[in-house]
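Please look over the sequence and the model shown below. The paragraphs after it go through the structure part by part.

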Amino acid sequence: MAEKPPPIEVTDPVTITLDGTPVQVQRGDLLIDAAERAGTYIPRFCYHSRMNPVGMCRMCLVEVDAGRGPSLQPSCMLECSPDMVVVTDSDLVKKVQEGVLEYLLLNHPLDCPVCDKGGECPLQDHTMAYGPGESRWLEEKRHYAKPVAISETVYLDRERCILCDRCTRFAKEVAGDPLIHFMDRGAATQVNTFPDDPFASYFSGNTVQICPVGALTAKPYRFKARPWDLSEVESTCTGCSVGCRIAVQSSRNEVLRYMGVDSPPVNWGWVCDKGRFSFEAVGGNRRLTEPQVRKGDVLVAARWSDALDAAAAALRGDPSRIAVLGGARLTNEAAFAWARLTKGVIGTDNVDAQLGDGLPAELLLSLPAATIDQTCEPGGTILYLGPDPKEELPVLFLRLKHAVLEDRARLFELAPADTGLTRYATRSLRYVPGAAAAAVAGLLAGGELGDGPIRVVLGRASVAESAATIVDAAMVLVGSGREVTFLPALRRANVAGAIDMGLSPALLPGRQKLSAGNASLGWPKLPAEGGLDATGILQAAADGHIDTLVLLGADPLADFPDRALAERALTTARTVISLDTFGNDSNRHADVVLAAAGFAEVSGTTTNLEGRVTALEAKVTPPGTARADWSIANEIAERLGTEFPELSPADLTAEIARVAPSHAAVTSAALDAAPDGIVVGAMPLTYEAPEPTHVPAVDSYSLRLVAGRSLYGTGTVLAHCPSSAPLAKPSVLRLAPAEAARLGLPDGGRVRVVSNDRSFVCDAAPDPGVPEGIAAMYLDGSASGPTAIIDAAAAVTEVRVEAGS
């Protein structure tokens, strides 16, 4: 992807002369960026607009006269000042450029025909445009063993490295993972990792993209295609709710690569490795390619007409005994189609896109909202109360880190255990699960937050703790009388869009509450106000009160915090209908499985955590006869006696703009004109705060469980990415060193974790980042992890840890 300087607003203009032409630029802007914005490209290797300049490669030398006579200066290190005279195309500049390139090519192998970077290589392009045309070097070039696997997904070819310092600076400055370094001296200087210390960064793939040569290559893409074989569309990553903009590149109807796109309000071009390499799952050989229906004890392939007939028959019953789980993986258009089907045709309000790990939809929509840019504004105050962002929202972590280190923002973290943000926080406070509201009140009373606006990043640090305790904390902030805005830290990709589209109890598209006035939607029927959330749906199904359960890309056995409840629900429900792209533990219980088209196979829109709607583009065709989710919803509606006119995602986008007040401005034309997306208009609901949650007193004989998610958990998509799947490791129970010592396990060991009548066995290890009284563990989706003991109805999860298995 071409690197361009981010747009800026010229607030303090000065005039410089650029190659004889007066140009107005922003005072203090780097000359290399100002020239490019004015239409003059200055070649460079080490400079990247999203990192601090270092002036190492000298390729950007230009003649500059700032009042003391012309001289050669690196344009990446020079700020624009009034009356500066710049010449980028003089004979002297050209001679310097030729000399720099000749020097860089002394030891660089001429292996462009077999190099993955060939065809999109800045060194190759600059040599053709600015190089001498021939080399005077006759000696043997330097050789190293290659390639070196410095991580599961990144290979290093040291012969190609030009020591530009991009990868090492990114790892240290941007990612905060200084795991790749310059080693040795002089002509022997090389980039490498230390022995037994791999490049285990969640962001290592970014170094492949920004490397100006082929020194770093990505294992999943290596030798797969040449750049001129690829075609691309710009889309949005749906690996989490940050909504990073990416380019989806394919060849011969196969997705081969994702590349980060610099979206100034969101991801700045960075993408986490899980999102970057998830393209492997799109063409996975275990995709569902056709519908299936249950015959006896097995699922067998069926015709679409038969499968849809079976699904429609199961949805003709009592609406109060029908429920829908999931939908956060759908596009907005598909979520709207399913909300319209369930609420407007079937007439049930038992719908929830969140699987027991979110926050009440009406709370989220009632809180004054902040964007990512507003949250990370220079000099601002951020209160972080949520999950470990490095694990669950990686690029939001990068933005928050940058705000603290580069923009002087103050970050106050409230968490039950250390997170990736802890070392960057102005102050990091610990609270016992269930006591978040008291911790917030104490922080406000202490006056440390200052008198200015407070930007709150709000989410759930642990799914072993009720959402109600976080609601209590949010209500403390709302009632504080301070100027407080909120950025939701919810993990699921399109959870904000699914809620906006109505996949939530008691809400309709456009953040409208169910009421008599909703009859203007023109839908055949509407449910009575108030349905069940995910926990209520699964409990009702387990108690025999749900006849038909629809799973929209949901796997409650692996994803719902209380696995025992999910198992009872799936076993007891009379009919389970699953729409998904892969087989999983939950849809093996299904009676009807409908093969759905996945990411890069359907067009539409998605909404990120700040409410920013961006476009998704189809690039390849779905495997087999898999169909788009919205199409399946309309087919079922037709079988239930209601025919909807939409024939494409664009038709649905227009219909959403018509019926959903919050999306009135989100049209296809508006999205085409705004590739960085449109933040939907605020239509906050009034949220009636419940009574404070009753939390039992701390039991001195027990520990409180903190259960979060790691980036490389055992998710369905990750399991179908061959390069990334090995990064998923069994979860370990983390204990304070003092707690581990009391168990006789100062160096860790095997333990049994018990809560009420449930238990599981796992490995435990001491962790100084976990305070006493806490047992922390990542969810791994297995039957022998935290979900085996979490009770979804409990305010907190108390556990006892016993040494030995």
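**A walk through the model**

Aspartate 165 counts as buried, because its relative accessibility is 12%. Buried means under 20% relative accessible area, exposed means over 50%, and partly exposed is in between, with a 1.4 Å probe and protein chains only. This is a predicted model, in which local features need pLDDT of at least 70, side-chain atom pairs count only at pLDDT 80 or more, and totals for chains, interfaces and linings use all residues. Residues are numbered from 1 along each chain as its sequence is written, and side-chain values use heavy atoms, with hydrogens and water left out.

Aspartate 165 lies in the loop between β7 (154-156) and α4. Helices (H or I, at least four residues) and strands (E, at least two) are DSSP runs, numbered from the N terminus. The phi of aspartate 165 is near 80°, a positive value in a residue other than glycine. Helix α4 covers residues 166-174, and seven of its nine residues are buried, so the helix is largely enclosed by the rest of the structure. The buried residues of α4 are Arg166, Cys167, Thr168, Arg169, Phe170, Ala171 and Val174. Among the elements that cover them are β8 (181-183), β9 (190-192), α5 (205-210), β10 (216-218) and α13 (394-405), where contact means heavy atoms within 4.5 Å. After α4 comes glycine 176, with a positive phi near 75°.

How is the protein chain divided? It has domain 1 (13-89), domain 2 (139-281), domain 3 (292-354 + 498-511 + 537-679), domain 4 (361-488) and domain 5 (703-803). These bounds come from an automatic or database domain assignment. The centres of domain 1 and domain 5, taken over C-alpha atoms, are separated by 53 Å.

Next comes a sheet. Five strands form an open sheet with mixed pairing, in the order β2-β1-β5-β3-β4. Its edge strands are β2 (21-26) and β4 (71-74), each of which pairs on one side only. On average, neighbouring strands of this sheet are turned by 40° against each other, direction ignored. Strands of a sheet pair through backbone hydrogen bonds, either parallel or antiparallel. Two strands count as paired if DSSP finds at least two bridges between them. Strand β1 (residues 13-18) pairs with β2 in the antiparallel sense over six bridges, and leucine 18 has threonine 21 in β2 as its bridge partner. Helix α2 (residues 91-104) lies across β3 (61-65), β4 and β5 (85-87), and runs at about 150° to β3. For such angles, axes are lines fitted to C-alpha atoms, for helices over the stretch in contact, and values run from 0 to 180 degrees between N-to-C directions.

Now consider the interior. A nonpolar core is a set of buried Ala, Val, Leu, Ile, Met, Phe, Trp, Tyr and Cys residues joined through side-chain atoms within 4.5 Å. The largest such core has 83 residues, and Val242 and Leu396 have the most contacts inside it. Helix α13 gives the most to this core, with seven residues. A second, separate core of 48 residues includes Ala339, Leu521, Leu594 and Phe644. Leaving aside residues up to four places away in sequence, valine 242 touches Val266, Leu393, Val395, Leu396, Asn608 and Leu609.

Cysteine 240 is in the loop between β11 (231-236) and β12 (245-251). Is cysteine 240 buried or exposed? Cysteine 240 counts as buried, because its relative accessibility is 11%.

The last topic is aromatic rings. Rings of Phe, Tyr and Trp (its six-membered ring) pair if their centres lie within 6.5 Å; planes under 30 degrees apart count as stacked, over 60 as edge-to-face and the rest as tilted. A search of the whole structure finds six aromatic pairs. Tyrosine 258 and phenylalanine 279 form an edge-to-face pair, with 5.9 Å centre to centre and 70° between the planes. Both of these residues, tyrosine 258 and phenylalanine 279, are buried. Tyrosine 258 also pairs with phenylalanine 599: their ring centres are 5.7 Å apart and their planes are at 85°, so this pair is edge-to-face. Tyrosine 258 lies in strand β13 and phenylalanine 599 in the loop between β27 (592-595) and β28 (604-607), so the pair ties together parts that are 341 residues apart in sequence. Phenylalanine 599 counts as partly exposed, because its relative accessibility is 21%.
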